[in-house]
Amino acid sequence: MRTVKEVSQLTGISVRTLHYYDEIGLFSPTQKTTAGYRLYDDKALETLQQILFFREFDIPLKQIRAVINGPSLDKTQILQLQRNMLAAKKARIERLIASIDDILKGENKMDFTVFTKVEIEEMFDVMYAHMPEEMKRVAVKEFGSLEQWKTHYLDVVSSEKMQKQYEKVIEWYGSKQAYLDVALHPISQKTAEAFKKRIDAIQQKLAEKRGCDVQSFEVKEIIGEYVFVMKRLTQVKDEKQIMLAQARYYTEETPRKSIDGTYGPGTAAFFARAIEAFYQG
């Protein structure tokens with residue numbers, strides 16, 4: 001067992017911060033002595049290490065708490081998620097360094113506006129490579145050939161209207177390069193299925209709170225977990241607009257009928273209100 005002072009010296013985190021983490025239910029001591037002193041075992045230190053990994057990405061404490069305390073995610077899944085985040089961060093940094101090197105050599109200029117034809121072609125190729133075979137066959141049949149389909153895609157994405165829409169998407173990701181990192185390096189099918197299961201579990205928990213006030217802590221804690229998962233899935237810099245778009249999606253006829261059919265009448269509207277309330281304060 002280690003005292004709070006020893007943990008502070010070991011990790012570089014102040015005693016005051018450790019006390020605060022305990023107060024908000026993020027990181028609690030293994031036990032407290034009769035005199036009230038906090039003591040931590042090795043398992044607690046492993047949890048603290050996971051928290052510190054998440055803090056490296058400036059993730060809000062309430063979102064970290066939702067993940068760390070969430071029963072649907074075990075230690076191995078958390079570590080794998082953190083590894084993927086660090087690998088993505090490493091790749092982004094390496095690309096930025098390469099771009100700066102090009103600029104210093106006078107070979108390139110940074111561009112954070114809209115996509116070039118080459119970039120759009122890359123986006124199509126990646127989309128096609130990760131698309132299920134049945135969807136490929138349907139699309140090729142509809143357009144007559146793969147080349148005609150690709151030409152149509154390039155024309156649509158290159159249009160002024162679509163480019164303006166992508167400008168807004170780029171704002172969500174923080175930069176054009178950040179968006180391209182995600183678009184050109186999509187998650188695997190296995191990872192996508194894992195995210196879907198996680199979101200389904202969150203929706204189930206949220207549906208069980210349907211009778212609760214959307215401003216309540218228990219509802220906001222679940223939405224906080226939802227936000228965390230969506231942010232990791234989309235890799236956006238600011239997830240607010242995507243989450244609010246998700247809230248609007250729940251009010252559309254098709255998803256509303258699906259959600260209400262699964263969890264009961266009024267659930268989709270409750271999901272939408274809960275997300276909106278989360279961002280109102």
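**Salt bridges and a helix pair**

Asp-125 is partly exposed, with a relative accessible area of 39%. The model in which this residue is seen is a predicted one. Asp-125 forms a salt bridge with Lys-150, and the closest N and O atoms are 3.1 Å apart. This pair links distant parts of the chain, since Asp-125 belongs to helix 6 (residues 117-129) and Lys-150 to helix 8 (residues 146-158), 25 residues apart. Lys-150 has a relative accessibility of 17% and therefore counts as buried, the cut-off being under 20%.

The whole structure holds 10 salt bridges. One of them joins Lys-32 to Asp-22, with 3.7 Å between the closest N and O atoms. Lys-32 lies in strand 2 (residues 31-32) and Asp-22 in helix 2 (residues 15-23), so the bridge ties together parts 10 residues apart in sequence. Lys-32 is partly exposed at 48%, whereas Asp-22 is buried at 13%.

Another bridge, between Lys-257 and Glu-253, has its closest N and O atoms 2.9 Å apart. The two residues are four apart in helix 14 (residues 253-263), which means that about one helical turn separates them. Lys-257 is exposed at 52% and Glu-253 partly exposed at 49%.

Lys-220, in helix 12 (residues 217-234), is buried but has no salt bridge; Asp-213, the nearest side chain of opposite charge, is 8.3 Å away. The Lys-220 side chain does make a polar contact with that of Gln-215, at 3.0 Å.

Helix 13 (residues 240-250) packs against helix 15 (residues 267-278) at about 160 degrees, with the axes 8 Å apart. These two helices are therefore roughly antiparallel, and their crossing is left-handed.

Conventions: Residues numbered from 1 in each chain as written. Predicted model: local features only at pLDDT ≥ 70, side-chain atom pairs only at ≥ 80, totals over all residues. Heavy atoms only, no water. Buried < 20%, exposed > 50% of the residue type's maximum accessible area, 1.4 Å probe, protein only. Lys, Arg positive; Asp, Glu negative; His and termini not counted. Salt bridge = Lys/Arg side-chain N within 4 Å of Asp/Glu carboxyl O. Polar contact = N/O pair within 3.5 Å; in protein donor to acceptor, adjacent residues only side chain to side chain. Axes fitted to C-alpha atoms, helices over the stretch in contact; angles between N-to-C directions. Parallel < 35°, antiparallel > 145°, perpendicular 65-115°, else oblique. Left-handed = near helix turned anticlockwise from the far one by under 90°.
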